[in-house]
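Subject: Structure handover

Hello,

Please find the structure below, followed by notes on what was found in it.

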Amino acid sequence: MLKHSLKDQLILHEGLKLKPYKCPANKWTIGVGRNLEDVGLSGNEQLKLFGTCGLNRKEVIDRLLDRGISEEEALFLLDNDIKKCTADVKRFPWFESLDPVRQKVIIDMRFNLGLAGLMGFKRMISALERGDYDKAGEEMKDSKWYYQVGIRGRRLVKMMKTGEDYV
């Protein structure tokens with residue numbers, strides 16, 4: 001059973017920052033982990049935030065350094081990111097058979113790692129295809145990512161193994 005929404009979980013793991021900052025990978029980031037250099041803002045997002053679109057990434061970053069964003073704007077970007085991440089993971093044939101807690105784990109990992117990064121967890125994915133959640137959790141731990149993300153990794157592994165939401 002879900003005790004927390006995916007949105008709340010991502011805010012817990014990523015934080016919510018209304019001014020641009022450099023993430024650990026030294027990329028300009030804003031809101032709930034939106035990478036402004038690699039992902040940027042879509043035309044629709046630029047229109048909502050600035051009333052115009054067609055800006056390049058440098059122009060977007062410069063504007064955001066000047067003005068930041070509101071919490072409402074940060075949550076708008078987060079909703080768009082969640083839609084994209086969810087659409088990406090729904091392509092896996094095993095995803096829909098996961099319970100809601102384990103689905104949150106996979107979407108959280110996709111959010112944090114990108115699709116290519118998530119796809120690198122081949123042994124975890126193989127365990128998920130077999131419904132072996134304990135092994136999937138062990139494979140999550142057997143990664144550089146697990147040690148880089150600290151408590152997030154420990155929390156997600158526990159959720160994967162038990163099917164229970166975090167407390």
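In helix 1, Leu6, Lys7, Leu10 and Ile11 meet Leu75, Leu78, Asp79 and Ile82 of helix 4, where contact means heavy atoms within 4.5 Å. The residues of this contact divide into six nonpolar, no polar and two charged. For that division, Ala, Val, Leu, Ile, Met, Phe, Trp, Tyr, Cys and Pro count as nonpolar, Asp, Glu, Lys and Arg as charged, and the others, Gly among them, as polar. Axes are lines fitted to C-alpha atoms, for helices over the stretch in contact, and angles run from 0 to 180 degrees between N-to-C directions.

Before the rest, some notes on the source. This is a predicted model, in which local features need pLDDT of at least 70 and side-chain atom pairs count only at pLDDT 80 or more, while totals for chains, interfaces and linings use all residues. Residues are numbered from 1 along each chain as its sequence is written, and side-chain values use heavy atoms, with hydrogens and water left out. Helices (H or I, at least four residues) and strands (E, at least two) are DSSP runs, numbered from the N terminus.

The buried residues of helix 1 are Leu6, Gln9, Leu10, His13 and Glu14; buried means under 20% relative accessible area, exposed over 50%, and partly exposed in between, with a 1.4 Å probe and protein chains only. Seen down the axis of helix 1, these residues fall within an arc of 115°, so they line one face of the helix. The arc is that of the directions from the helix axis to the C-beta atoms. The buried residues of helix 1 pack against strand 1, helix 4, helix 5 (100-119) and helix 9 (151-162). After helix 1 comes Gly15, with a positive phi near 85°.

Three strands form an open sheet in the order 1-2-3, with antiparallel pairing; two strands pair if DSSP finds at least two bridges between them. Strand 1 (17-22) and strand 3 (34-35) are at the edges, each with a single partner strand, so one side of each has no neighbour in the sheet. Helix 3 (residues 57-67) packs on the sheet and touches strand 1 and strand 2, and its direction makes about 125° with that of strand 1.

Strand 1 is joined to strand 2 (residues 28-31) by three bridges. Lys17 has Gly31 as its bridge partner in strand 2, and Tyr21 has Thr29. Five residues lie between the strands of this hairpin, and Asn26 takes a positive phi near 65° there. Most residues other than glycine have a negative phi. Asn26 is exposed, with a relative accessible area of 51%.

Strand 2 and strand 3 pair over two bridges. Ile30 has Arg34 as its bridge partner in strand 3. This hairpin has two residues between the strands, and Gly33 takes a positive phi near 75°.

Two further places are listed here. In helix 7 (residues 133-141), the buried residues are Tyr133, Ala136, Gly137, Glu139 and Met140. They cover an arc of only 160° around the axis, which puts them on the same side of helix 7. They pack against helix 5, helix 6 (122-130), helix 8 (144-148) and helix 9.

Gly163 lies in the segment after helix 9 and is buried, with a relative accessible area of 15%. Leaving aside neighbours within four places in sequence, Gly163 is in contact with Asp99, Val101, Arg102 and Lys158. Gly163 and Asp99 are 64 residues apart in sequence and 7.2 Å apart in space, C-alpha to C-alpha.

Regards
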